[in-house]
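Here is a short report on one protein model.

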Amino acid sequence: MAGISQDWEPVVIRKKAPTAAARKDEKAVNAARRAGAEIETVRKSTAGTNKAASSSTTLNTRKLDEDTENLAHEKVPTELKKAIMQARMDKKLTQSQLAQIINEKPQIIQEYESGKAIPNQQIISKLERALV
């Protein structure tokens, strides 16, 4: 048995390579320094700032500041709210009864009579049909 030899290659089992987060870990960096490995440090240009979030908003805020339009919802005109109230009282209806007739919530009638509602042509038409 003098000529016995191995026919296979040795298998080396290693741990998997460290992830990007693990390579940046302080312990890993110190171990690399001790081993004499080359370490590269790169500072990001926007690190520690919120430039990415604020850079695009400055253009939008400037446009909004320069915009002089009055952005408000249209309200019910005084003549309309008085007309609705007067017609409802002439028919001796409460706000709830009128709301039930036109299949709307009583709150909508209240908003129209107080002038706080945003005019909706469909509701105005329903009110007109019910009160004429």
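From the N terminus on, the elements run α-α-α-α-α-α-α. That makes 7 helices and 0 strands. Helices (H or I, at least four residues) and strands (E, at least two) are DSSP runs, numbered from the N terminus.

This is a predicted model: local features need pLDDT of at least 70, side-chain atom pairs count only at pLDDT 80 or more, and totals for chains, interfaces and linings use all residues. Residues are numbered from 1 along each chain as its sequence is written, and side-chain values use heavy atoms, without hydrogens and water.

The protein has 132 residues, and 14% of them count as buried. Buried means under 20% relative accessible area, exposed over 50%, partly exposed in between (1.4 Å probe, protein chains only).

The largest nonpolar core holds 16 residues. Such a core is a set of buried Ala, Val, Leu, Ile, Met, Phe, Trp, Tyr and Cys residues joined through side-chain atoms within 4.5 Å. Leu 98, Ile 102, Ile 109, Tyr 112, Leu 127 and Leu 131 touch the most other members.

The largest share, 5 residues, comes from H7.

Arg 88 sits in helix H4 (residues 78-90). Arg 88 is buried, at 9% relative accessible area. Beyond its neighbours within four places in sequence, Arg 88 is in contact (heavy atoms within 4.5 Å) with residues including Leu 98, Glu 113 and Leu 131.
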